[in-house]
Amino acid sequence: MPGDTLSASLEDYLEAIFHIVAEKQAARVKDIAARLSVNNSSVTGALHALAERGLINYAPYDIITLTDEGRREGREIVRRHEALRDFFVKVLDVESAEAEEAACRVEHAISRGILDRFVVFLNSIEVCPMMAARSGAGVGFPCADGPSREACVRCIQMCLASLHEEANAPAGAAGGRLFLDRLAAGRKARVSSMSKRSRAEARYQEMGLAPGALIEVERPGETGAPIEIKVNGYHVTIERRDAAEIAVEPF
């Protein structure tokens with residue numbers, strides 16, 4: 001059965017297991033049941049199906065872990081969910097709770113190709129200092145006054161001024177370069193280079209963390225603690241010593 005397409009229900013179970021394993025290193029039936037608000041017997045049936053597909057390691061009354069394939073599949077399901085939720089919130093200006101619910105429904109139907117286009121579109125929007133979803137008559141619009149040549153001219157002027165200010169701001173790092181470990185929460189940047197000595201170059205490559213990638217710092221972490229960022233729709237935790245070797249260009 002390996003390679004079979006997962007049903008929406010099994011994707012929900014695998015997504016729940018992925019999150020629980022990320023938090024606790026392993027999952028138990030009661031953890032999954034509580035997260036999905038289902039009974040234990042329903043969880044057991046799903047676990048057998050996921051184990052038959054080679055996605056989890058499971059035996060009755062034992063802890064549940066992900067196989068390598070299960071980890072890849074779970075990560076992709078989470079990525080679909082988060083990319084859709086971010087699109088609904090950042091582009092369509094939908095409330096977080098409604099966006100979360102909508103993402104749960106849509107994530108099972110969207111293809112990998114369309115998802116990649118969502119991520120590219122979101123990255124493009126976030127590069128623009130003025131591009132933020134705003135509401136007008138209950139519908140999301142990128143421009144407060146609606147599209148017009150005059151509004152576009154004003155927006156371009158404001159963008160140029162913002163970029164000029166950013167480019168001339170002190171870098172706050174040695175040699176005039178800014179590194180990922182110096183970015184505050186909420187800051188967005190483009191990766192300009194990664195040290196060849198950094199373990200991050202190989203370790204995070206699967207997530208798309210490479211020169212040219214757009215990132216957003218979600219949690220800078222305390223002194224010495226890992227840093228949480230978002231890149232290509234993935235949420236990635238980076239060791240601070242690795243982040244100190246990743247040069248970035250903020251915007």
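Predicted model: local features only at pLDDT ≥ 70, side-chain atom pairs only at ≥ 80, totals over all residues.
Student: How do you know that the length of helix 1 fits its number of residues?

Tutor: Helix 1 has 17 residues, and at 1.5 Å a residue it should span 24 Å. The C-alpha atoms at its ends are 24 Å apart, so the two values agree.

Student: Which residues of helix 1 are buried?

Tutor: Leu10, Glu11, Tyr13, Leu14, Glu15, Ala16, Ile17, Phe18, Ile20 and Val21. Buried means under 20% relative accessible area, so that's the cut-off they meet. These buried residues pack against helix 2 (29–36), helix 3 (40–52), strand 1 (56–57), strand 2 (65–66) and helix 4.

Student: What makes Gln25 stand out?

Tutor: Look at its backbone: Gln25 has a positive phi of about 75 degrees, yet it isn't a glycine. Most residues other than glycine have a negative phi.

Student: Why is Gln25 called exposed?

Tutor: Exposed means over 50% relative accessible area. Gln25 has 59%, so it counts as exposed.

Student: Where is Tyr61, and what is its phi?

Tutor: Tyr61 is in the loop between strand 1 and strand 2. It isn't a glycine either, but its phi is positive, at about 65 degrees.

Student: Is Tyr61 buried or exposed?

Tutor: Try the cut-off of over 50% again. Tyr61 has 86% relative accessibility, so it is exposed.

Student: Why are strand 5 and strand 9 called edge strands?

Tutor: Start with the order: six strands form an open sheet, 5-10-6-7-8-9, with antiparallel pairing. Strand 5 (178–179) and strand 9 each pair on one side only, and that is what makes them the edge strands.

Student: How do you know that strand 7 and strand 8 pair?

Tutor: Two strands pair if there are at least two bridges between them. Strand 7 (residues 214–219) and strand 8 have four bridges, so they pass, and the sense is antiparallel.

Student: What lines the largest pocket?

Tutor: There are 25 lining residues, with Phe18, Ala22, His235, Val236 and Thr237 nearest the centre. Helix 1 (8–24), helix 4 (68–90), strand 8 (227–231) and strand 9 (234–238) each give two or more residues to that lining. The space in the pocket comes to about 780 Å³.

Student: How many lining residues are nonpolar, polar or charged?

Tutor: The lining of the largest pocket has 12 nonpolar, three polar and 10 charged residues.

Conventions: Residues numbered from 1 in each chain as written. Heavy atoms only, no water. 1 Å grid on protein atoms, 1.4 Å probe; cavity = no way out; pocket = protein on both sides within 12 Å on 5 of 7 lines; lining within 4 Å. Points joined across faces, edges and corners; volume = space filled by probe spheres on them. Nonpolar A, V, L, I, M, F, W, Y, C, P; charged D, E, K, R; others polar. Expected span 1.5 Å × (residues − 1). Buried < 20%, exposed > 50% of the residue type's maximum accessible area, 1.4 Å probe, protein only. Contact = heavy atoms within 4.5 Å.
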